[in-house]
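Please consult the sequence and structure shown here while reading.

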Amino acid sequence: MNTNDTITCKVPDWLASSARDDDQGSLINEFMVVAVNIPFCAFAFLSNLAFIVTIAKTPSLQKPCNILLGSLAATDCLTGITTQPIFVTLRLMQLYPDSSTCSYQGNVVTAFRVCIFLTSGWSFVFLCVISFDRYYALSRPLEYRVKASNTGALLTVVLTGASWFVLTHLVLFVFAPTGGSVFGMVTSTIFIVIPTVNNIRIYVAVRRHNKVFSEEGFAERQQLVRALQTEKKMALDMAVISLFLLLSLAPSLLNNIVSIFSMEIFLIFQPWTLTAVFLNSSLNPIVYIRRNKTLRDAVRSVLFLK
């Protein structure tokens with residue numbers, strides 16, 4: 001073999017690079033992907049960590065709904081320090097194939113598959129859990145305030161996170177590839193349907209309570225309004241988060257359709273579709289803080305030691 005030849009390692013199509021030495025445009029595309037992802041790795045990690053620390057250091061914010069939201073922030077924080085940096089590493093390894101062996105690159109691909117399966121799965125699972133929590137809070141607001149507890153929320157987070165961790169191991173390392181594909185399709189459908197259905201149920205519950213307001217006595221009405229006010233705001237925020245997550249997956253879906261007609265175009269846009277998913281981890285804390293003044297003030301106090 002000629003010493004100038006480059007060894008090309010086999011990687012999955014959804015991770016493959018379009019960069020070629022004779023194509024300046026594809027090289028620029030890959031470098032831009034790396035340049036965009038590097039700062040957002042740090043931002044996703046630090047911003048979500050700031051949110052978690054704020055909840056931990058502010059007793060007034062330590063409520064079941066915020067603990068569940070913290071699980072989502074922890075997942076985004078983990079994305080910023082594991083999945084996204086590994087993705088950047090893979091792009092660089094394919095840009096400079098002589099810098100590593102195919103065996104090492106294969107290990108990095110495996111690590112990326114595990115991390116993205118874990119973090120994306122946790123995001124969807126926790127959103128499903130939060131949607132059930134919001135429905136309970138708005139369908140039975142007074143009962144929710146009595147029965148919901150921080151301990152119960154923490155237990156739910158731990159059990160849910162551990163269950164998905166076990167499922168990840170089974171799907172990636174135990175199930176046959178066909179079984180894993182079926183599992184992926186089924187869970188994807190479930191993760192989309194459950195929050196959507198629960199958001200519709202929340203809307204119906206709010207409409208029902210609005211009708212009750214006109215029938216209840218003044219004292220009962222005031223008590224119900226106070227109970228619902230915060231819960232409605234939180235439910236709306238989570239609906240926005242769910243919508244952004246689904247929108248971040250749209251480019252990937254469209255690009256898969258493009259792959260039917262042109263694999264070359266697919267390879268150009270594929271790293272950007274993954275980047276869109278990762279950017280969601282940086283967007284979420286902005287939504288949390290921008291839409292919640294109490295949380296915004298608490299974050300400012302923690303960051304500036306006020």
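The model is predicted. Its largest pocket holds about 1500 Å³ of space. The lining of this pocket comprises 41 residues, and those nearest the centre are Phe 117, Ser 120, Ser 188, Leu 249 and Ser 252. By residue type, the lining divides into 23 nonpolar, 16 polar and two charged residues.

Two or more lining residues come from each of α2 (64-95), α3 (102-139), α5 (150-173), α6 (177-213), α7 (218-261) and α8 (263-290). With nine residues, α6 gives the most to the lining of the largest pocket.

Turning to the cores, the largest nonpolar core has 37 residues. Each of α1 (24-57), α2, α3, α5, α6, α7, α8 and α9 (293-303) supplies at least two residues of this core. Here α3 gives the most, with 11 residues. A second, separate core has 14 residues.

| Core | Number of residues | Named residues |
|---|---|---|
| Largest nonpolar core | 37 residues | Most contacts inside the core: Phe 51, Leu 72, Trp 164, Met 238, Ile 241, Tyr 288 and Leu 295 |
| Second, separate core | 14 residues | Including Leu 15, Phe 87, Leu 90 and Cys 115 |

Which residues is Ile 241 in contact with, leaving aside its neighbours within four places in sequence? Ile 241 is in contact with Leu 72, Leu 127, Asn 284, Val 287 and Tyr 288. Among these partners, Leu 72 and Tyr 288 are, like Ile 241, listed with the residues that have the most contacts inside the largest nonpolar core.

Key: Residues are numbered from 1 along each chain as its sequence is written. This is a predicted model: local features need pLDDT of at least 70, side-chain atom pairs count only at pLDDT 80 or more; totals for chains, interfaces and linings use all residues. Side-chain values use heavy atoms; hydrogens and water are left out. On a 1 Å grid over the protein atoms alone, a cavity is a set of points where a 1.4 Å probe fits but cannot get out, and a pocket is an open set with protein on both sides within 12 Å along at least five of seven lines; lining residues have an atom within 4 Å of a point. Grid points are joined across faces, edges and corners, and a volume is the space filled by probe spheres set on the points. Helices (H or I, at least four residues) and strands (E, at least two) are DSSP runs, numbered from the N terminus. Ala, Val, Leu, Ile, Met, Phe, Trp, Tyr, Cys and Pro count as nonpolar, Asp, Glu, Lys and Arg as charged, and the others, Gly among them, as polar. A nonpolar core is a set of buried Ala, Val, Leu, Ile, Met, Phe, Trp, Tyr and Cys residues joined through side-chain atoms within 4.5 Å. Buried means under 20% relative accessible area, exposed over 50%, partly exposed in between (1.4 Å probe, protein chains only). Contact means heavy atoms within 4.5 Å.
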